[in-house]
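This briefing is intended for a reader meeting the structure for the first time. Please consult the sequence and the model shown below while reading the points that follow.

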Amino acid sequence: MLKKLFKSLRSPLSLKRQARPRSTPEVLGPRQHSLQRGQFSRNAVSVVDRLQKAGYQAYLVGGCVRDLLIGVQPKDFDVATSATPEQVRAEFRNARVIGRRFKLAHVHFGREIIEVATFRSNHPQGDDEEDSHQSARNESGRILRDNVYGSQESDAQRRDFTINALYFDITGERVLDYAHGVHDIRNRLIRLIGDPEQRYLEDPVRMLRAVRFAAKLDFEIEKHSAAPIRRLAPMLRDIPSARLFDEVLKLFLAGRAERTFELLVEYDLFAPLFPASARALERDPDYTGDLIRQALANTDERIAQGKPVTPAFLFAALLWPALPARAAQLQERGMPPIPAMQEAAHDLIVEQCKRIAIPKRFTIPIREIWDMQERLPRRQGKRADMLLENPRFRAGYDFLLLREDAGEQTGGLGDWWTEYQDASDSERRAMIRELNSRPEESADGAPARKRRRGGRNRKRGPRGNAPAGE
């Protein structure tokens, strides 16, 4: 596919260590690429057309151009323009100006939103910067506000990756390439524009974006862009927790979550995001790694099938490996199993939310899924039927199967619940009677817990071991 798309494009003989945008772009005409204006959102094209007719420069930019060059259908269509956000709002009744750190305009067309950003410029480095109300950095160089407007050339220079510094001109159907982005697409490389360390210092989240694009596009992070990541990874601790929640969702809900996890671990980015889980991964890489990878693989499968995935199940799996040891410590002090699990879960979530601000609408079901792991072994009398009617039973059951596939041995608990769901009333009563007669089980019906190495690939019940989507 890529050979066909780029067979007529010129390739620079070499790229310097730092990708530096040209002052004038390489212009690729219609015969040198496969893009046509009809491939882009008609609403985005109409925004560009209207801005151009109003006397402004306007182009389709970034991810939508990149994805179509690769042969992937974009989810979003962005516009870059010389018009300020206020001027865009004046042109469109359906436009809203949003943002403080990065002010831009959203033009609404029903459910579709076209994001329109004004050409940005480099940030001042002199003494005058402290007096600027449009641009600000902290002591480490991180950009706090980014509202210094400039030209298209300066806009290309301040974009993060070369593959995102591509502009499509709908008038002549030309691609304007300022930073050898087409070259890097052809060579499947994620390369930062400018000095990598400086760019990461400006915004440490760029390290996560590098990983996300590498996983999503099946690209490699170019070696000079990858070199500072491990050393600078701790800077993610300074990023607001609410912003990290949004970034983590982008990382794990893009359909390549398992590959994303591998890259996060490889570049030491997992620990700043999930410190307790990273410690569990270090203590027991087989079990923790198997459980997280299986959960993420299931998530990728559901997304590929167009099925819903709840972030609650995802976070429950990412954090679970750190939980049992904490609950066990509380039980050793005399606390009963369920209260121990509840207190340990509370402490773990409070600790995690300091790094990633998981909203309450997700932390509550996370705790309910975990709580169900202590309740599922307790099946005597009417408990089994009551659990089956619990609205969190399905998620708890799926999570139980996930644990078993990661190597936990639960005495056949998952198979028992699979059979119980499909059994008739009389068969269920027989299963409960048989359970009561087993001498090897404790009075509450909880099997002795062991753990084995290695996972199992199996599917049981109506939805197998896929994460619950409801």
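D385 has a relative accessibility of 23% and therefore counts as partly exposed. In this predicted model, D385 forms a salt bridge with R428, a residue that is buried at a relative accessible area of 13%. The points below begin with this pair and then turn to other salt bridges, a helix contact and the chain as a whole.

**The pair D385 and R428**
- The closest N and O atoms of D385 and R428 are 4.0 Å apart.

**Other salt bridges**
- Side chains of opposite charge can pair when their charged atoms come close.
- In the whole structure, a search finds 24 salt bridges.
- One of these joins R209 and D160, whose closest N and O atoms are 2.6 Å apart.
- Because R209 sits in helix α8 and D160 in the loop between α5 (152-158) and β9 (166-169), this pair ties together parts 49 residues apart in sequence.
- D160 has a relative accessibility of 9% and so counts as buried.
- R191 forms a salt bridge with E222, with 3.7 Å between the closest N and O atoms.
- R191 is located in the loop between β11 (189-190) and α7 (196-202), and E222 in the loop between β12 (220-221) and α9 (223-226), so the pair ties together parts 31 residues apart in sequence.
- Both partners, R191 and E222, are buried.
- A network of salt bridges links R66, D67 and K216.

**The contact of helices α8 and α11**
- Helix α8 (residues 205-217) and helix α11 (residues 241-252) have axes that come within 10 Å and cross at roughly 10°.
- Angles under 35 degrees count as roughly parallel, and α8 and α11 are therefore roughly parallel to each other.
- On the α8 side, V205, L208, R209, V211 and R212 take part in the contact, and they meet R243, L244, E247, K250 and L251 of α11.
- The residues of this contact comprise 5 nonpolar, no polar and 5 charged.
- R209, listed in the contact with α11, also forms the salt bridge with D160.

**The chain as a whole**
- The chain contains 23 helices and 14 strands.
- Of its 470 residues, 52% are buried.
- Among contacts between residues at least 6 apart in sequence, 72% join residues at least 24 apart.
- The chain exposes about 21,900 Å², of which carbon and sulfur atoms supply 47%.

Technical notes:
Residues numbered from 1 in each chain as written. Predicted model: local features only at pLDDT ≥ 70, side-chain atom pairs only at ≥ 80, totals over all residues. Heavy atoms only, no water. Axes fitted to C-alpha atoms, helices over the stretch in contact; angles between N-to-C directions. Helix = DSSP H or I, 4+ residues; strand = E, 2+ residues; numbered from the N terminus. Parallel < 35°, antiparallel > 145°, perpendicular 65-115°, else oblique. Contact = heavy atoms within 4.5 Å. Nonpolar A, V, L, I, M, F, W, Y, C, P; charged D, E, K, R; others polar. Buried < 20%, exposed > 50% of the residue type's maximum accessible area, 1.4 Å probe, protein only. Areas by Shrake-Rupley, 256 points an atom, 1.4 Å probe, with all protein chains shown as cover. Salt bridge = Lys/Arg side-chain N within 4 Å of Asp/Glu carboxyl O.
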